[in-house]
Amino acid sequence: MHFASDNSGPVHPEVLATLAEANQGYEMAYGADSLMNEVRDRIRGIFEAPGAAVYLVATGTAANSLALATLSHPWQTVFCSPVAHIHEDECNAPEFYSGAKLTLVAGGDKMEPEALRRSIAGEETRGVHGPQRGPVSITQVTERGSVYSLGELQALCGVAKEFGLPVHMDGARFTNALVALNCSPAEMTWKAGVDAVSFGGTKNGLMGVEAVVFFDESKAWEFELRRKRGAHLFSKHRYLSAQMAAYLRDDLWLRSARQANANCARLADGLRAAGASFLHEPQANIIFASFPRNQHKRLHDAGAVYHLWGDDLEGPDEDEMLACRLVCDWSISPEQIDRFLALL
């Protein structure tokens, strides 16, 4: 009953098998391996972007930070949600790699177009003395488990384009959003106005690899230099390539995300039937739910693993409603979910 994070689950067996195959003999280093050619072609194919620049790094923080550094200048600011991962969970890495600051767009989990427009328009009011306008970063799936619709993405990108600003998508859970929307990668990115995307794999069954995709290939060489300078160019790169190749073969990326989302839907249905309330309506593979402290204690005592969200398990009021975050990955079994719900 492990719902702490989709980072906590096992690596998919198909990925381990491909890693074992890749471990035979010799391959050129630093991304010149033959598997990287396959990865590049497959990603260009699924994004319908034959000229896209495609790179691999080992972590989501590196993917986001190096992509934003490539899209910005040190005197600029990056516009994002107040709960964006790049703001709350990356220890100022985007600022470290880019030199730019972050501007938090007023609002909540999702950015709203008018709020973004006001935030962008509010910059550059001090001329040379203030930060200049820089990229807009959109998190898809959001940190609260919400999914931007295609219309919402188009509206946000439209605002960015009004000001001539590039758009970055933090897609750590890219495929979970994609299958929830039942759209194509192109529709969720460059067709909506996104210029660069962190195409996540680690949360969806990989050992540790993320792709960075630039739809403007003129950014390619700068990203290569920044990746090397930032110490994120792997010498034994084939082990990144092998993971991503396995991910893209036979639609493993889609199969894993569909399973994770289905697991989440099963859990959400059971929580709803048990009387839990939701802080945000579940749309992908993350649930923020609230139910009484005595139920949390029973679940924890039985070995359930998940995070309380700003609340303390200890307290005198057994009936007090406590919020929690529950995350499903591809590997959680129906039996685990049903046992959790039975205990609840």
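**Ground rules.** The model is predicted, so I took local features at pLDDT of at least 70 and side-chain atom pairs only at pLDDT 80 or more, while totals for chains, interfaces and linings use all residues. Residues are numbered from 1 along each chain as its sequence is written, and side-chain values use heavy atoms, without hydrogens and water.

**Entry 1, seven-strand sheet.** I looked up the strand order and read β1-β7-β6-β5-β4-β2-β3, an open sheet of 7 strands with mixed pairing. Helices (H or I, at least four residues) and strands (E, at least two) are DSSP runs, numbered from the N terminus. Two strands pair if DSSP finds at least two bridges between them. β1 (53-57) and β3 (101-104) are the edge strands; each has a single partner, so one side of each lacks a neighbour in the sheet.

I then checked β1 against β7 (residues 210-214): they pair antiparallel over 5 bridges. Leu 56 has Ala 211 in β7 as its bridge partner. Helix α3 (residues 60-71) lies across β1, β2 (76-80), β4 (132-139), β5 (167-171), β6 (196-200) and β7, at about 15° to β7. Helix α8 (residues 174-181) also packs on the sheet, touching β5 and β6, and its direction makes about 95° with that of β6. Contact here means heavy atoms within 4.5 Å.

**Entry 2, four-strand sheet.** I found an open sheet of 4 strands, ordered β8-β9-β11-β10, with antiparallel pairing. β8 and β10 (307-308) stand at its edges with a single partner strand each, so one side of each is left without a neighbour in the sheet. Helix α12 (residues 252-273) packs on this sheet, touching β8, β9 and β11 (321-327), at about 20° to β9.

β8 (residues 277-280) and β9 (residues 286-292) are joined by 3 bridges and form a hairpin with 5 residues between them. In β9, Ala 289 is the bridge partner of Phe 278, and Phe 288 that of His 280.

I searched the whole structure for disulfides (cysteine sulfur atoms within 2.5 Å) and got 0. The sulfur of Cys 264 lies 4.8 Å from its closest cysteine sulfur, in Cys 328, which is too far for a bond. For Cys 324, the nearest cysteine sulfur is also that of Cys 328, 11 Å away.

I also checked burial (buried under 20% relative accessible area, exposed over 50%, partly exposed in between; 1.4 Å probe, protein chains only). Cys 264 is buried at 1%, and Cys 324 is buried at 0%.

Methods: Axes are lines fitted to C-alpha atoms, for helices over the stretch in contact, and angles run from 0 to 180 degrees between N-to-C directions.
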